[in-house]
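Here are a few exercises to work through with the model open on your screen. Try each task before you read its solution.

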Amino acid sequence: MLRGKFILFEGLDRSGKSTQARKLAEALKERGSRVEQRHYPERSTQVGSAINSYLTKTKSLNDQAIHLLFSANRWELQQALVDLLDSGVTVVVDRYVYSGVAFSSAKGLDREWCWQSDFGLVRPDLTIFLDISPEEASSRGGYGEEIYEKVSFQSKVKAEFALIAAKEEIRSSEAGKASWVSLNAQTSLETLHAQILSHVDAVPDRLPGDYDFMQK
Ligand code: Z5A
Ligand code: MG
């Protein structure tokens, strides 16, 4: 039996991650695959509840503390994620390590420090980065309610994501497998969905227990 695929969506706020994650999961299910969706931060745990208080501006925390809470939230759910994958379920995830590094380093935290707390986590088989301008994102529904939803800050996050993308694209080509793909998010839902499906179809099959991990 093969393990499931770990597919990650990353991008700025309102880039369409949740929309495309849902469409991908539906399409894979229609083909008969077993699929689950996950979203970080997972706000239902105690750690997630503290993160939610921070994001909704009811609690203030220093930049290092909130960074480590986001990371702790991934760690507390890591075994459950691996168990799902090992049981043959494809998991479509909305935000993960890369959001952690991009948002915290955009505040001015040391980039190398930001990566440290996530080293050892399972690396996604494919990360789909939805690329959008902060101005276009801010014109989409629901923008402006949470702490990071300001065009000036999102511009800094975009610059950090560009650094991450460059690094991950080099890593992808050195490893000979496309584990990071950047797509223009300012195209139609259906065009993007078709592009995403073709990239997901190209992800190689792997056996349970066979993972790459986040590392330097
Ligand atoms: N954060 C962090 O700092 N550190 C970490 O480690 C992690 C996260 C994991 C909460 O994230 C915050 O946590 C986030 C980063 C930080 N803060 N910010 N900024 P969240 O994921 O919970 O945020 P959210 O509320 O779900 O928003 P979102 O994920 O950014 O939105 P989205 O999922 O990318 O977009 P969407 O909901 O699919 O679409 C937004 C709207 O655009 C909606 O009206 C759609 O109908 C529309 N849409 C979608 N696609 C299109 C296209 N192609 N064309 C036109 N309109 C579209
Ligand atoms: Mg979302």
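**Exercise 1.** Work out how strand S1 and strand S4 pair, and over how many bridges.

*Solution.* Start with the two stretches: S1 covers residues 6–11 and S4 covers residues 126–131. In this predicted model, they pair in the parallel sense, over five bridges. For one of the partners, take Glu-10: its bridge partner in S4 is Phe-129.

**Exercise 2.** Decide whether Val-93 is buried or exposed.

*Solution.* First place Val-93: it sits in strand S3, residues 90–94. Then count: there are 21 other C-beta atoms within 10 Å, so Val-93 is buried, because the cut-off for buried is 20 or more. Leaving out residues up to four places away in sequence, Val-93 touches Phe-6, Ile-7, Leu-8, Arg-38, Tyr-40 and Pro-124.

**Exercise 3.** Describe the shell around ligand 1.

*Solution.* Sort the residues by type: nine are nonpolar, eight polar and eight charged. Of the 25 residues, Gly-16, Ser-18, Phe-70, Gly-100 and Phe-103 come nearest. Finally, check the helices: H1 (17–30), H5 (97–106) and H9 (189–201) each supply at least two shell residues.

Key: Residues are numbered from 1 along each chain as its sequence is written. Chains are lettered from A and ligands numbered from 1 in the order in which they are written. This is a predicted model: local features need pLDDT of at least 70, side-chain atom pairs count only at pLDDT 80 or more; totals for chains, interfaces and linings use all residues. A residue is near a molecule or strand if its C-beta atom, placed from the backbone, lies within 6 Å of it. Helices (H or I, at least four residues) and strands (E, at least two) are DSSP runs, numbered from the N terminus. Ala, Val, Leu, Ile, Met, Phe, Trp, Tyr, Cys and Pro count as nonpolar, Asp, Glu, Lys and Arg as charged, and the others, Gly among them, as polar. A residue is buried if 20 or more other C-beta atoms lie within 10 Å of its own, exposed if 12 or fewer, and partly exposed in between; C-beta atoms are placed from the backbone. Two residues are in contact if their C-beta atoms, placed from the backbone, lie within 7 Å. Two strands pair if DSSP finds at least two bridges between them.
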